[in-house]
Amino acid sequence: MCKSVIYPGSFDPVTYGHIDIIKRASRLFTHIIVAVVANPNKKTLFDIDERKEMLKTVLKDLKNVEIDSFEGLLIDYVKIKKKQIVIRGLRAVSDFEYEFQLALANRKMYTGFDNIFLMPSEKYIFLSSSMVKEIARLGGDVSQFVPSIVKIKLKEKFRIT
Ligand code: COA
């Protein structure tokens with residue numbers, strides 16, 4: 001049985017919603033690779049190293065969690081890592097259609113691929129990285145949504161004192 005899984009995403013930046021999913025996964029599986037996607041077509045606020053660094057800092061106490069990054073297709077990364085299971089968070093019904101499409105396309109390309117979906121706490125059902133960035137950009141308080149290190153990095157990006 002495969003006990004080592006991959007949790008891919010943009011993490012631009014990591015939020016308490018992502019952390020909630022990672023903590024749940026870390027209790028269910030022996031090893032989790034949090035894989036930050038370097039997608040040249042998606043404009044991100046934080047570069048790949050900044051996103052990885054924030055994840056490393058906020059997840060340092062979870063000993064079975066590793067931070068990595070990848071470029072290109074997720075299935076190729078899954079094959080290189082010799083894994084089978086990809087974790088994704090499902091926040092609301094609205095996530096389902098996108099995730100369903102992604103999962104089926106991935107399985108069509110690689111039959112050895114499987115997804116496991118985890119639900120975050122209802123506290124984070126509405127949360128997204130874009131929402132956090134928008135609030136931070138406009139000078140709002142994001143303390144409820146992201147760890148303090150991420151809040152500081154957002155302030156630096158938007159040059160808010
Ligand atoms: N809590 C808070 N926010 C969450 C969340 C949670 N539990 N789960 C998802 N989100 C939010 C993210 O913050 C992000 O918000 P944003 O759009 O405001 O930035 C949004 O949901 C999308 O999440 P993410 O998990 O980062 O997905 P993505 O669509 O950016 O990337 C990949 C998903 C990495 C799996 C996908 O793009 C991929 O596989 N890329 C590689 C290329 C590839 O193989 N493509 C072919 C696929 S068929």
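This note walks through the ligand site and a few local details of the structure.

1. A word on the model before we start. This is a predicted model, in which local features need pLDDT of at least 70, side-chain atom pairs count only at pLDDT 80 or more, and totals for chains, interfaces and linings use all residues. Residues are numbered from 1 along each chain as its sequence is written, and side-chain values use heavy atoms, with hydrogens and water left out.

2. Let's begin with the ligand's neighbours. There are 23 residues around the ligand, and Ser10, Leu74, Tyr98, Ser129 and Ser130 come nearest; a residue is near a molecule if one of its heavy atoms lies within 4 Å of it. This shell divides into 10 nonpolar, 10 polar and three charged residues. For that sorting, Ala, Val, Leu, Ile, Met, Phe, Trp, Tyr, Cys and Pro count as nonpolar, Asp, Glu, Lys and Arg as charged, and the others, Gly among them, as polar.

3. Now look at the ligand's oxygen atoms. A backbone N or O atom of Leu74 lies 2.8 Å from one oxygen atom of the ligand. A polar side-chain atom of Arg88 lies 2.8 Å from an oxygen atom of the ligand, and a polar side-chain atom of Ser128 lies 3.5 Å from an oxygen atom of the ligand.

4. Which elements give two or more residues to the shell around the ligand? They are strand 1 (4–9), helix 1 (16–28), helix 4 (93–109) and helix 5 (129–137). Helix 4 provides the largest share, four residues. Helices (H or I, at least four residues) and strands (E, at least two) are DSSP runs, numbered from the N terminus.

5. Arg24 forms a salt bridge with Asp20, their closest N and O atoms being 2.6 Å apart (a side-chain nitrogen of Lys or Arg within 4 Å of a carboxyl oxygen of Asp or Glu). Because Arg24 and Asp20 are four residues apart in helix 1, about one helical turn separates them. The whole structure has nine salt bridges.

6. Finally, visit the loop between strand 1 and helix 1, where Pro13 has its place. A cis peptide bond joins Asp12 and Pro13, with omega about 0°. Phe11 is found in this loop too, and its phi is near 50°, a positive value in a residue other than glycine.

Note on methods: Polar contact = N/O pair within 3.5 Å; in protein donor to acceptor, adjacent residues only side chain to side chain.
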